[in-house]
Amino acid sequence: MQEKYIDETKQGEAFAIAEKPQNTKKLFLESYGCQMNFSDSEIVASILNEQGYNTTLQVEEADLILLNTCSIREKAEQTVRMRLSQFKNLKKEKPNLTVGVLGCMAERLKTKFLEEEHLVDLVVGPDAYRDLPNLLKETEGGRDAINVILSKEETYADISPVRLGGNGVTAFVTITRGCDNMCTFCVVPFTRGRERSRDPHSIIEECKELWNSGYKEVTLLGQNVDSYLWFGGGAKKDFKKASEIQQLTAINFAQLMEMVALAVPKMRIRFSTSNPHDMSTDVFQVMAKYDNICKYVHLPVQSGSDRMLEKMNRQHTRAEYLSLINTAKELIPEMSFSQDMIIGFCGETEEDHQLTLSLMREVEYDYGYMFAYSERPGTPAEKKMEDDVPADVKQRRLAEVIALQGELSRKRMQGYVGRTHEVLIEGTSRKNENQWKGRNSQNAVCVFDKLEGQKLGDFVTVFVHGNTQGTLLGTTVVE
């Protein structure tokens, strides 16, 4: 089982769904980066499924190749460029093959891909997937096609996503798009645009449909879920211009989560990702109130130093962050947390680094996602700050952060030993086909022997008798 302190961000996964007999064309769709991209790929597959495309896992038989891309780190972009160069050779063998780039790299590198490097025929930004049928007609006529216009309205609320790959047990439901927070290191506001929220009734209907289709857990998804605010549509920044009745009847994230918890009372509910600046006590109060809301929050902090937090424009202090953590633990003693941490940001000193380590010790995260800072073109940090921490210093500090998180992860896993947990069976263990794997409410992975009568999607009471750094070892409690 993969240890949890290691980056689990998905890279380069292709998925296929059941074929429609009447469809004659083949789509190879590969996704990179965050969960939002994988959720968006399900929307794209749904749109193109209605346009005569069946998905395929064999790139050689594709009529259309689409890469849904990520710009959050330089390595992700390099991976996509290498992949596109492979497809360039394939196009020589299949002149009618169409290759396109979707998502964040599409928006950021539109002219480079089409005009300078001639790597692709089609460039589509995150808010323009509805335009894919028209753009594909353009490419059929031998023309390059592009639409990277960012929207203040688009949420794809009316499109029922097909479920790509997946286990048929857990699913993502997108509730917000875009981000207004303007962290200085981040490209998301520039590649995904203004923050807007989806109609809560469409969210509830999608959750109900998933439950009726056999799904047992849903993750409410967005760049910044706890900033959710529905007041009839439009960008969140325009809320102050809304009518009095719109403002009085607006629904925030805590209210939405309560609505979902009541609508599907037997379905587990998670959410990701949260920004501490937007997180509030009422969210924790709702989490405490409903058993079907998992007791786990991914709460990225990025640094333990106020000086770094200010330079990153995180809009919260170390003390405010710790106050949130402490409030959550008071309301929900069994709460678990995970983190994002950027190591070696512009001007980071050894003192700043030590403050990050001390914050980690104070919070005691279950696991985290930790990266050495890499400058992203077009961000405020790239324009106005010097990336002045030497690479060897970044790597040494990163190694210390990872090592500490390893210690904390093992300690947290040990805290689950000797107790029973409700575990949702999500699949077979990768190391042992005779064992199930699943997660408890705190998002800790647990493996345990398969028993007759158990199946995928069952909730099982498991007694945890041991652990590794990132995994719980358990036994089914037989009643």
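Predicted model: local features only at pLDDT ≥ 70, side-chain atom pairs only at ≥ 80, totals over all residues.
A residue counts as buried when its relative accessible area is under 20%, as exposed when over 50%, and as partly exposed in between.

**View 1. Lys112, a partly exposed residue in helix 4.** Start with helix 4, which covers residues 110-116 and includes Lys112. Lys112 has a relative accessibility of 31%, so Lys112 counts as partly exposed. For a sense of distance, take Ala14: 98 residues separate Ala14 from Lys112 in sequence, and their C-alpha atoms are 25 Å apart in space.

**View 2. Asn275, a buried loop residue.** Here we move to the loop between strand 14 (268-272) and helix 10 (281-289), where Asn275 sits. Its relative accessible area is 7%, so Asn275 is buried. Leaving aside residues up to four places away in sequence, Asn275 touches Asn181, Asn224, Asp226, Leu299 and Arg314.

**View 3. Helix 15 and its packing partners.** Helix 15 runs over residues 391-415, and because 25 residues at 1.5 Å a residue should span 36 Å, the 36 Å between its end C-alpha atoms agrees. Among the buried residues of helix 15 are Leu398, Val401, Leu404, Leu408 and Met413.

View 4. Over residues 414-478 the chain is 52% strand and 3% helix, with 23 Å between the end C-alpha atoms.

Methods
Residues numbered from 1 in each chain as written. Heavy atoms only, no water. Helix = DSSP H or I, 4+ residues; strand = E, 2+ residues; numbered from the N terminus. Buried < 20%, exposed > 50% of the residue type's maximum accessible area, 1.4 Å probe, protein only. Expected span 1.5 Å × (residues − 1). Contact = heavy atoms within 4.5 Å.
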